[in-house]
Amino acid sequence: MAIKIASIRHVRGFDIARPVSIGVVLGLMLPLVLLPMLSIFIYGTSKGLGVFWSSLVAPEAIFALKLSLFTSFWATAFNVIFGLLAAYVLSRYDFWGRNAVIVTISLPTAIPTAVAGFALLLLWGPYGVLGRLLNGVQLMFTAYAIILANIFVTFPLAFGVIKPVFDTMSRSLEEASATIGATRWQTFWYVTLPSLRGAIVGGALLTFARAVGEFGSTILVSGNLAGRTQTAPLYIFAKFNEGQIEAANAIAIVLALLSFVIFSVLFFARDWLEFEAQEK
Amino acid sequence: MSAKLKTPDTAELHESWAPERQKRNGLAASVQGLSKRFKKSRVLEDVSFDVAEGESLVLLGASGSGKTTILRIIAGLEQPDKGRVILHGKDVTDLPARERGVGVIFQSYALFPRMTVEKNIAFGLKIRRRPRKERRETVNRLLELVRLEEHRKKHPWQLSGGQQQRVAIARTLAYKPQVLLFDEPFGALDAQTRVHLRREIRALLKEVKVPTVFVTHDQEEALEMGDHIAVLNEGHLEQVGTPDEVYNHPASEYVATFLGAANLLVGVVTGGAIEIGTARLPAEKETRRFREGQSVKLVFRPEDVCISQDANLAEGCRRLANGVIEEVSFVGAYERLNIRLDLTHRRQSQDEPPLYQVTVNTPERMTGVPIMATRPKPEASATRFKPGDRVAVGLTSFSVLPNYTLARQR
């Protein structure tokens, strides 16, 4: 029998592995990824678009979305700038303990987000190591705490995207710029930065996507106060616990669409973003 | 391809790309006593040379000889441990790269990938904050000079290697560099393009009259591109001279063997001649700087060997010894002969005919000293040789070098 299949494959150019493997991939993808996504949209609109819309424009829902975007934006801005600096320093200079620094920066990838949130509470909380020194200024359970948690959790993302580009970038470009007469700053602005455009945009989108969806650390440091420190994922969790499935669903749809948009940009703008790589 | 470069109506351009401090017949660049170590290894050892105005100097050496390090030190991308770099009379050793105003053409060209050809060329003027009008005019003239007008809006990756190189040159000419530095400029190109580009760049440099330093490991390239050649060996400058000097009168065995094929025989100076075994090569002039009985090396190129089947050698050809043809092979443009020299036979007495005691078929063959000779095609077809033929061997030109037993004595 095996011989017969082999002969079919060779004579007719029929490869049994092709339909089988494609079938397995599709068969796994459908129930594991596609169906859950689809169900959000099906349930969210099952009671009519009116219900969906009113759940969406509820003040608390709008606030949660705005807060999520606001905190994610600042965490992204910080981490992209820091990631750029860290990538520059760590790929240009060799110093004692350099690898230890790289490991430390990358550490948050491996730490459970709940642990990260807990650690931040212990540090900045009213009785925390540093929180005690704030003279009663409450940092935890505010929007700043959320930004802090987002920064911690998304710390390595932008760095991880930008550093390889720095590593592979030819030093002679910067040397050429210097011999032509450019200052360090001019070289960075006109020569180095343009080549990093793709990596910066990509790193920023990844960071933002991750920050918007952050739950584990946020719920610990924010206090989950509706209308004050409740981000979109926390809102979904809270409404679900209260049994308000429609309210949770409306925000879930918005977050799903947002991530879909971000991913489309990352995927389809890849050519534009990596335009430089071809030029080299 | 060199014809593509403009010559007639660019007369007004001639002086304009050269650095402003340029003086006639002065020194464009001078490197004095450069020494450099990387960790434990010595990269450069007391290297000094000068580049005259408008001329090109080639730094020739094997990889690891320190030639690129010298280039980077002149450019300011590397600091020497000792020594000075002087450009047009000004000591720039302590200046950073960006204040030296040199033009470096990197092996990879290092064009800015984000910028078009135009913007690459204008970059030097842009950061010098020159007015837009001046920038545009300079770019136009340079695009015309390097024949890339129709490619002005393209990005570097859309150009061929040769075109990229011309952009790189134009980019440096825009700010009137003190000196142009080429780092292995043709290393990344195939053999045919390389020859084309060499001529093209040579013509371009003659036109713009900017002093130039080339770095290469290719001796043919060095002979073609350089007004002067500096031969480097493991961080040590072996010889500086015109292509004719370094090729025909090498100052050391290294120079002789690095610039093409060379035969080498060890002999002793005796009474205005060099004695090699039983052979005696009259060399009154060449041995004048040596003392009687000093051990010397006789260095000569394969094309400087003349041979004849009778004892009569051509005019200007000094008889060395007898020999036997061991192998004949055609190598394209010329014929190559492997010859065994007979350096052990007894002196001929007056009435004896020339003796050829070395043969290919006897054990004596092993006593013959091998040398290589080449003959141009016309000569090769006029008189054919086959292995075993006995010939008289003479030299038209050769160099005599001291044969130090210790390398340190150099």
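Strand β1 (residues 27-38) of chain B and strand β4 (residues 82-87) of chain B run antiparallel and are joined by five bridges. Here strands (E, at least two residues) and helices (H or I, at least four residues) are DSSP runs, numbered from the N terminus, and two strands pair if DSSP finds at least two bridges between them. S35(B) has K82(B) in β4(B) as its bridge partner.

The model is predicted: local features need pLDDT of at least 70, side-chain atom pairs count only at pLDDT 80 or more, and totals for chains, interfaces and linings use all residues. Residues are numbered from 1 along each chain as its sequence is written, chains are lettered from A and ligands numbered from 1 in the order in which they are written, and side-chain values use heavy atoms, with hydrogens and water left out.

**Sheets of chain B**

β1(B) is also joined to β2(B), by eight bridges, and these two strands run antiparallel. In β2(B), D50(B) stands opposite S30(B). The two strands form a hairpin with two residues between them, and K39(B) in the turn has a positive phi of about 50°. These strands belong to an open sheet of four, in the order β2-β1-β4-β5 (chain B), with antiparallel pairing. Its edge strands, β2 (41-52) and β5 (90-91) of chain B, each pair on one side only. Helix α1 (residues 67-75) of chain B lies across β1, β2 and β4 of chain B and runs at about 60° to β2(B).

Another open sheet has five strands in the order β13-β12-β11-β14-β20 (chain B), and its pairing is antiparallel. β13 (279-282) and β20 (399-402) of chain B are at the edges with a single partner strand each, so one side of each is left without a neighbour in the sheet. From one strand to the next, the twist averages 40°. Within this sheet, β11 (residues 263-270) and β12 (residues 273-276) of chain B run antiparallel and are joined by three bridges. T270(B) has A273(B) in β12(B) as its bridge partner.

**Helix pairs of chain A**

Axes are lines fitted to C-alpha atoms, for helices over the stretch in contact, and angles run from 0 to 180 degrees between N-to-C directions. Contact means heavy atoms within 4.5 Å.

| Helix pair | Axes come within | Crossing angle |
|---|---|---|
| α2 (residues 17-44) and α12 (residues 245-268) of chain A | 9 Å | roughly 135° |
| α4 (residues 59-92) and α11 (residues 232-241) of chain A | 7 Å | roughly 145° |

α2(A) and α12(A) are therefore oblique to each other; angles under 35 degrees count as roughly parallel, over 145 as roughly antiparallel, 65 to 115 as roughly perpendicular and the rest as oblique. Their contact is made by M37(A), I40(A), F41(A), Y43(A) and G44(A) of α2(A) and N249(A), A252(A), I253(A), A256(A) and L257(A) of α12(A). By class, this contact has eight nonpolar, two polar and no charged residues. Ala, Val, Leu, Ile, Met, Phe, Trp, Tyr, Cys and Pro count as nonpolar, Asp, Glu, Lys and Arg as charged, and the others, Gly among them, as polar.

In the other pair, E60(A), A61(A), A64(A), L65(A) and S68(A) of α4(A) meet A232(A), P233(A), Y235(A) and K239(A) of α11(A). The residues of that contact divide into six nonpolar, one polar and two charged.

**Contact between the chains**

Chain B gives 25 residues to the contact and chain A gives 21 residues. The two chains bury about 2,200 Å² between them, 64% of it on carbon and sulfur atoms. Buried area is the accessible area (1.4 Å probe) that two parts lose on being put together, summed over both. R98(B), R114(B) and W157(B) supply 33% of the area that chain B buries against chain A, more than any other three residues.
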